[in-house]
Amino acid sequence: MKFNDALENIKTYEAGKPIELVVREYGIDKDSIVKLASNENPFGCSPKVKEAVRAIVDNMALYPDDSMVKLKTALAEKYAIQSNELIIGAGSDQVIEFAIHAKVHSGSKVLMNSVTFAMYEIYAKQVGAQIIRTASREHNMEEFYALYQEHKPSIVFLCTPNNPTGDGLLASEMIDFIAKVDSDTLVIVDGAYMEYARFKNPSYAVEPKDLVSKFSNVLFLGTFSKAYGLGGMRVGYGIAQASIIEALYKVRPPFNITTLSLEAASVALDDEGFVQTCIADNFSQMARYEEFAHAKGITVIESYTNFVTLSLPEEKNSTKIAQDLLKKGMIVRDLSSYGLNAIRVTIGTSIQNDRFFELTDPLL
Ligand code: PMP
């Protein structure tokens, strides 16, 4: 069958390998598998969230509240913004999709970092856009500006901290860049890991309110999948001036967030203490990865997230190392598809991290 031509040059997104597949392929006992591949919170979500979801589990017959008033009110309060400056997606992934479909058409250009979150390219190519990438591995705002001037893209993606490398961009550099961009270019600031950056060094974090109050062409993205421990619930959000949100609403399907997910995300915002404790633990465990890498003579990219990217020496092949670990029940992310000889490892609990060091030690 012939499909849309645009699909021909799209590579299907490769998600972190699910535990269920490792059980089937390698016959490993489910309980002994450790998944450090998708940057989830190893402690899960606040106990208050579980309690709240259990309490509404009988409410599944009716469609969800499509106004999402409870979650929108809670988010608007958290960020000191208005409800009409918010849109909720089934993961921030879906908000990226809305933005591309609302703004980009065949022949438009979309500018992004050389190495960055793969879905920007996939959604942009679906609508026939041309992808422009910088050359540097880290976000270099001078290079972004030069390419912006040359190509006048419809959308610029800034992923900070960046996935899959973990590095951060100074908020001041980002803001200087945005200030120079024409108001018809949509700048998407993907803050999926912003809670971690804010904890580690606030100079690398941006407040959505500061962006939205200053700029009419910025969309900030946040998610409940990382620090809030709700990857399985699929809730993310976009924050922008109301005129952008109105356009995104035109491409949103109705009832895109389930009743249980709306409740989970709303209640998760009530327990910031839980989230901050998890983030503090993340960085104390991250220090162990830095020490491990240092002892092995491996470079670690300074990370503002809940994962570390270990750049391997030439003689060690990242695909082989990831595969060898998989056979032992340890799931990490091989970054060879991003052109890097590196593995990305989500920071786990101290027991999970012990296991990573134990299994990786003989391989490196
Ligand atoms: N942006 C970045 C940078 C990510 O790493 C991810 C998830 N890996 C997403 C967006 C999408 O996250 P979600 O759809 O779970 O909110």
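**Figure 1. Surroundings of Arg-333 in the predicted model.** Apart from neighbours within four places in sequence, Arg-333 is in contact with Tyr-13, Glu-14, Ala-15, Gly-16, Ala-37, Ala-342, Ile-343 and Arg-344. Arg-333 belongs to strand S12, which covers residues 333–334. Is Arg-333 buried or exposed? Its relative accessible area is 8%, and Arg-333 is therefore buried, since the cut-off for burial is under 20%.

**Figure 2. Helix H4, residues 92–103.** Helix H4 contains 12 residues, which at 1.5 Å a residue should span 16 Å. The C-alpha atoms at its ends lie 17 Å apart, in agreement with that expectation. Which residues of H4 are buried? They are Ser-92, Asp-93, Gln-94, Val-95, Ile-96, Phe-98, Ala-99 and Ile-100. In an α-helix there are 3.6 residues a turn, so residues three or four places apart point the same way.

**Figure 3. The fold of the protein chain.** The protein chain comprises 14 helices and 13 strands. Its C-alpha trace extends over about 55 × 55 × 50 Å along the principal axes. For 364 residues, a compact globule would have a radius of gyration near 21 Å, and the value of 20 Å for this chain agrees. Among contacts with a separation of 6 or more, 73% join residues 24 or more positions apart.

**Figure 4. Interior, surface and charges of the protein chain.** Of the 364 residues, 55% are buried. The chain exposes about 16,000 Å², and carbon and sulfur atoms supply 51% of this area. The chain carries 36 positive and 46 negative charges, whose mean positions are 3 Å apart.

Notes
Residues are numbered from 1 along each chain as its sequence is written. This is a predicted model: local features need pLDDT of at least 70, side-chain atom pairs count only at pLDDT 80 or more; totals for chains, interfaces and linings use all residues. Side-chain values use heavy atoms; hydrogens and water are left out. Helices (H or I, at least four residues) and strands (E, at least two) are DSSP runs, numbered from the N terminus. The radius of gyration is taken over C-alpha atoms; the globule rule is 2.2 Å times the number of residues to the power 0.38. Buried means under 20% relative accessible area, exposed over 50%, partly exposed in between (1.4 Å probe, protein chains only). Contact means heavy atoms within 4.5 Å. Accessible areas come from the Shrake-Rupley method with a 1.4 Å probe; for residues, only the protein chains shown count as cover. Lys and Arg count as positive and Asp and Glu as negative; His and the chain ends are not counted. The place of a charge is taken as NZ of Lys, CZ of Arg, CG of Asp or CD of Glu. The expected span of a helix is 1.5 Å times one less than its number of residues.
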